[in-house]
Amino acid sequence: MHTLHQPKSDRTVNPNLTLSVIIPCFNEVHSIEEVLNRVEAVGIADEIIIVDDGSTDGTRDILTQIEAENRPNVRIYYHDHNQGKGAAVVTGFGKATSDV
């Protein structure tokens, strides 16, 4: 019988580790702000990186407004044209500065 992996009780999390959250987006005008608000509300991300992958639906306008708010720990990057989710994730990882 297969049992679920149980975490070892002697494992500890290093409280000094920092966390980056990567949010790839494409044509998310109706949801990107809510996604960002929810990630911020959790309160564990040291940096939040949003990568817009060439949106054409107004998402970039929302992201420009977010940039103008100067939210701490939020950075936004833009692809000139849609390259796919994987490319947006790779861009985000490349910009991340946290440990995890």
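In S2, Ile-49 is the bridge partner of Ile-22, where strands (E, at least two residues) and helices (H or I, at least four residues) are DSSP runs numbered from the N terminus. The structure is a predicted model, in which local features need pLDDT of at least 70 and side-chain atom pairs count only at pLDDT 80 or more, whereas totals for chains, interfaces and linings use all residues. Residues are numbered from 1 along each chain as its sequence is written, and side-chain values use heavy atoms, with hydrogens and water left out.

The secondary structure of the chain comes to three helices and three strands, and these elements run β-α-β-α-β-α from the N terminus on. Strand S1 (residues 20-25) pairs with strand S2 (residues 47-52) in the parallel sense over six bridges, two strands being taken as paired if DSSP finds at least two bridges between them. Within this pairing, Pro-24 stands opposite Val-51 in S2. S2 also pairs with S3 in the parallel sense, over five bridges, and here Ile-50 stands opposite Ile-76 in S3. The chain crosses from S2 through H2 to S3 in a right-handed β-α-β crossover; a crossover is called right-handed if, with the strands pointing away from the viewer, the path from the first strand over the helix to the second runs clockwise. A right-handed β-α-β unit is likewise made by S1, helix H1 (residues 32-42) and S2.

Strand S2 is largely enclosed by the rest of the structure, because six of its six residues are buried; buried means under 20% relative accessible area, exposed over 50%, and partly exposed in between, with a 1.4 Å probe and protein chains only. Both faces of S2 are covered, with Glu-47, Ile-49 and Val-51 buried on one side and Ile-48, Ile-50 and Asp-52 buried on the other. For the chain as a whole, buried residues make up 26% of the 100 residues.

In helix H2 (residues 59-68), the buried residues are Thr-59, Ile-62, Leu-63 and Ile-66. These residues cover an arc of only 100° around the axis, which puts them on the same side of H2, the arc being that of the directions from the helix axis to the C-beta atoms. An α-helix has 3.6 residues a turn, so residues three or four places apart point the same way. On the other side of H2, Asp-61 and Ala-68 are exposed. The buried residues of H2 pack against S1, H1, S2 and strand S3 (74-78), with contact meaning heavy atoms within 4.5 Å.

The largest nonpolar core comprises eleven residues in all, namely Ile-23, Cys-25, Ile-32, Leu-36, Ile-48, Ile-50, Ile-62, Leu-63, Ile-66, Val-74 and Ile-76; such a core is a set of buried Ala, Val, Leu, Ile, Met, Phe, Trp, Tyr and Cys residues joined through side-chain atoms within 4.5 Å. At least two residues of this core are supplied by each of S1, H1, S2, H2 and S3, and the largest share, three residues, comes from H2. When neighbours within four places in sequence are left aside, Cys-25 is in contact with Ile-32, Ile-50, Val-51, Asp-52, Asp-53, Ser-55, Thr-59 and Leu-63. Among contacts in the chain between residues at least 6 apart in sequence, 76% join residues at least 24 apart.

The loop between S1 and H1 holds Val-29, which counts as partly exposed at 24% relative accessibility. Not counting residues up to four places away in sequence, Val-29 touches Asp-57, Gly-58, Thr-59 and Ile-62. Val-29 and Ser-55 are 26 residues apart in sequence, and their C-alpha atoms are 8.7 Å apart in space. Asn-27 is also found in the loop between S1 and H1 and is partly exposed, with a relative accessible area of 29%. Although Asn-27 is not a glycine, Asn-27 has a positive phi of about 55°. Asn-70 lies in the loop between H2 and S3 and is exposed, with a relative accessible area of 63%. Most residues other than glycine have a negative phi.
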